[in-house]
Amino acid sequence: MARKKKELPLLEKVTITDVAAEGKALAKVNDLVVFVPYVVPGDVVDLQVKRKKNHYAEAVAVKFHEYSPVRAVPFCQHYGVCGGCKWQCLPYTEQIKYKQKQVTDNLTRIGKIELPEISPIMGSEKTEFYRNKLEFTFSNKRWLTEEEVKEDVKYDQMNAVGFHIPGAFDKVLAIDKCWLQDDISNQIRNAIRDYAYEHNYSFFNLRSQEGMLRNLMIRTSSTGELMVLLQCKIVEEGELDLMKRLLTFVAERFPQITSLLYVVNNKCNDTINDLDVMVFKGNDHIFEEMEGLRFKIGAKSFYQTNSGQAYNLYKVARNFARLTGNELVYDLYTGTGTIANFVSRQAKKVIGIEYVPEAIEDAKVNSAINGIDNTLFYAGDMKDILTQEFISQHGRPDVIITDPPRAGMHDDVINTILFAEPQRIVYVSCNPATQARDLSLLDAKYKVMAVQPVDMFPHTHHVENVVLLEKRG
């Protein structure tokens, strides 16, 4: 006999009191902490509990009794369904206030180290259309909104191009207008969608691994260049011709595209690092520009997705490094060498290390393009390359700049940094929680001298943070 599913409670007239992790808000009902998406402190709501553990629950707001005085009206038609930009209901001034609090809380509670006064967060000048890269997924399983499900209609068109729905890996929400990237991105995506509908192109099915159209990547740049990459599964004769007809249509409709590319991907996943990128029209790259430096960006290149704020972030890192022109700098997790090249004019020599070999090739090209001859780049796992032998060979760094992935730095890397004993460490992080953990490990030899949060992603809970550490006397 099947177990009867436990009915979860409805909590009535609950006041939302704070903002929590992952972009959710928080309420307390007796001793129970409740996490709720798409509400803001000050809202009074009825909450339907969806999951309940001993000391916390997850719930959704099913009725609003009072709206918070600090609530903002979301501007995107897809808000609340798409899963992105969860903080549109918070005014931007409130968003950055909570991001500042997130940095402070993480560094004090997790780091448990002596801290200077944390500088006020640097907000993003652009809060809409601020990204330079977006990826859209094609799917033959369009996500139906609650309203569409209620209508109980059989829809003729179940193909969609847009974003994956959180928690439903094979379903995609059809996006009509996204506010994250320049509107040319919306125009290109919608034109491709309409052409595919009109000419009966097959959209990918993630479960059965069938269908032709898989993925679309669009990159814009501050130089006005535009990259479009179409990813398709090609198994039948004639499908390559179909794809090229679609690309011809795109090239004619959008002559401003400077790099029109395609990838044939017959694998089970959408990653393209191990696949050949083919040029249909134009160049295989675009350029980004920063302070007179030009950065070449290919289809596989990593570049900070908010170009304007990336410049501010790198300026903070460079200021913290306090370079005089005589220093040996190690730039860990250098990516395509953006920070390394950005600080090279103020340093004697910069050595960049990065896991992805293609990124290191980009870094070398970026140095060459800009006539920079005092950089060296190495590809490989950080903990395997940054060893005591490496330091003996290349010299002890005066300054280490590190910008690790969200997981933070491996213990071996931290131990090698402690062995290297640079005068200063500039730690750039996209995850203040793992940064705080690493800072506590560095605390034996290093003191935190300055903290500067930077907001790269308005309307999300994500925040970057730059910390300056100096060697203890």
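Two residues are in contact when heavy atoms lie within 4.5 Å. By that criterion, 64% of the contacts with a separation of 6 or more in the protein chain join residues 24 or more positions apart. The model examined here is predicted.

The protein chain contains eleven helices and 22 strands. Its radius of gyration is 24 Å, close to the 23 Å that the globule rule gives for 473 residues, so the chain is as compact as a globular protein of that length. Along the principal axes, the C-alpha atoms fill a box of roughly 70 × 65 × 45 Å. Of the 473 residues, 53% count as buried.

Phe163 sits in strand β8, which spans residues 160-165. The relative accessible area of Phe163 is 14%. Buried means under 20%, so Phe163 is classed as buried. Leaving aside residues up to four places away in sequence, Phe163 touches Cys82, Leu134, Glu135, Phe136, Lys171, Val172, Leu173, Ile175 and Cys178. His410 lies elsewhere in the chain. Phe163 and His410 are 247 residues apart in sequence. In space, their C-alpha atoms are 32 Å apart.

Helix α10 covers residues 411-420. Several of its residues are buried: Val413, Ile414, Thr416, Ile417, Leu418 and Ala420. Glu421 follows α10. The phi of Glu421 is positive, near 50°.

Rolling a probe the size of a water molecule over the atoms shows where empty space is left. In this model, three cavities of 30 Å³ or more were counted. The largest cavity holds about 50 Å³ of space. Its lining consists of Thr137, Phe138, Ser139, Asp170, Phe204, Leu206, Arg214 and Asp270. Strand β7, residues 133-139, supplies the largest share of that lining, with three residues. By class, the lining of the largest cavity has three nonpolar, two polar and three charged residues.

Note on methods. Residues are numbered from 1 along each chain as its sequence is written. This is a predicted model: local features need pLDDT of at least 70, side-chain atom pairs count only at pLDDT 80 or more; totals for chains, interfaces and linings use all residues. Side-chain values use heavy atoms; hydrogens and water are left out. Buried means under 20% relative accessible area, exposed over 50%, partly exposed in between (1.4 Å probe, protein chains only). Helices (H or I, at least four residues) and strands (E, at least two) are DSSP runs, numbered from the N terminus. On a 1 Å grid over the protein atoms alone, a cavity is a set of points where a 1.4 Å probe fits but cannot get out, and a pocket is an open set with protein on both sides within 12 Å along at least five of seven lines; lining residues have an atom within 4 Å of a point. Grid points are joined across faces, edges and corners, and a volume is the space filled by probe spheres set on the points. Ala, Val, Leu, Ile, Met, Phe, Trp, Tyr, Cys and Pro count as nonpolar, Asp, Glu, Lys and Arg as charged, and the others, Gly among them, as polar. The radius of gyration is taken over C-alpha atoms; the globule rule is 2.2 Å times the number of residues to the power 0.38.
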